[in-house]
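Student: Before we look at any particular residue, could you take me through how such labels are decided?

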Amino acid sequence: MPTDNSFAIIDQAAWEDLVARFDGRMWAVARAFGLSAADAADAVQGAWLRLVENADAIRDPGRIGAWLVTTTRHEAARLSRRARGEVASDLDVPDTALPDPTAAVVVDADFGRQVWRRLDLLGEPCRSLIRLYVLHPEARYAQIAVRLDLPVGSIGPTRARCMARLRALVEEEAR
């Protein structure tokens with residue numbers, strides 16, 4: 001049933017596809033800012049809200065993913081600054097128009113591909129542990145422990161060691 005509500009513009013199946021395709025990446029971007037789970041959820045929700053608000057301005061649907069990630073990054077940065085008590089400036093307000101991806105998005109995408117390639121070089125349980133952490137940041141240690149058949153108490157230290165190895169691999173490639 002058509003309404004004048006902007007939510008009616010977005011087809012439910014298309015919306016679910018967008019969420020399935022990009023929500024995990026958006027969460028990973030938000031959590032990369034060191035936000036709490038609640039603030040990361042606010043950043044992701046804020047990015048989805050911006051998409052709904054600007055749905056009628058979409059010129060290139062193939063670039064929605066890059067736009068969502070960039071918008072999540074802006075939202076997360078704003079929340080991170082607020083959590084640190086920094087005062088927002090005019091430059092902190094993200095442009096709400098759906099822009100073409102900038103060079104920064106391309107660089108971020110290249111870096112992301114580099115990290116995922118290096119992740120594939122790690123053995124188990126590192127590969128699965130990091131993937132679970134990135135794609136499901138809301139997962140609790142107990143859930144991850146069951147999924148990977150590891151003791152709950154080893155999840156944090158194992159993740160720290162795995163991230164150090166991944167970081168070293170990425171830095172090695174950068175040299």
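Tutor: A salt bridge is a side-chain nitrogen of Lys or Arg within 4 Å of a carboxyl oxygen of Asp or Glu. This is a predicted model, in which local features need pLDDT of at least 70 and side-chain atom pairs count only at pLDDT 80 or more, while totals for chains, interfaces and linings use all residues. Residues are numbered from 1 along each chain as its sequence is written, and side-chain values use heavy atoms, with hydrogens and water left out.

Student: Why is the contact of Arg78 with Glu75 called a salt bridge?

Tutor: The closest N and O atoms of Arg78 and Glu75 are 2.9 Å apart, and because the definition asks for a nitrogen and a carboxyl oxygen within 4 Å, the pair is a salt bridge.

Student: What makes Glu75 buried or exposed?

Tutor: Buried means under 20% relative accessible area, exposed over 50% and partly exposed in between (1.4 Å probe, protein chains only). Glu75 has a relative accessible area of 2%, so Glu75 is buried, whereas Arg78, with 30%, is partly exposed.

Student: Why is the contact between Asp120 and Arg131 called a salt bridge?

Tutor: Their side chains meet at 2.4 Å, N to O, and because the limit is 4 Å, the name applies. This pair links distant parts of the chain, 11 residues apart.

How values were computed:
Helix = DSSP H or I, 4+ residues; strand = E, 2+ residues; numbered from the N terminus.
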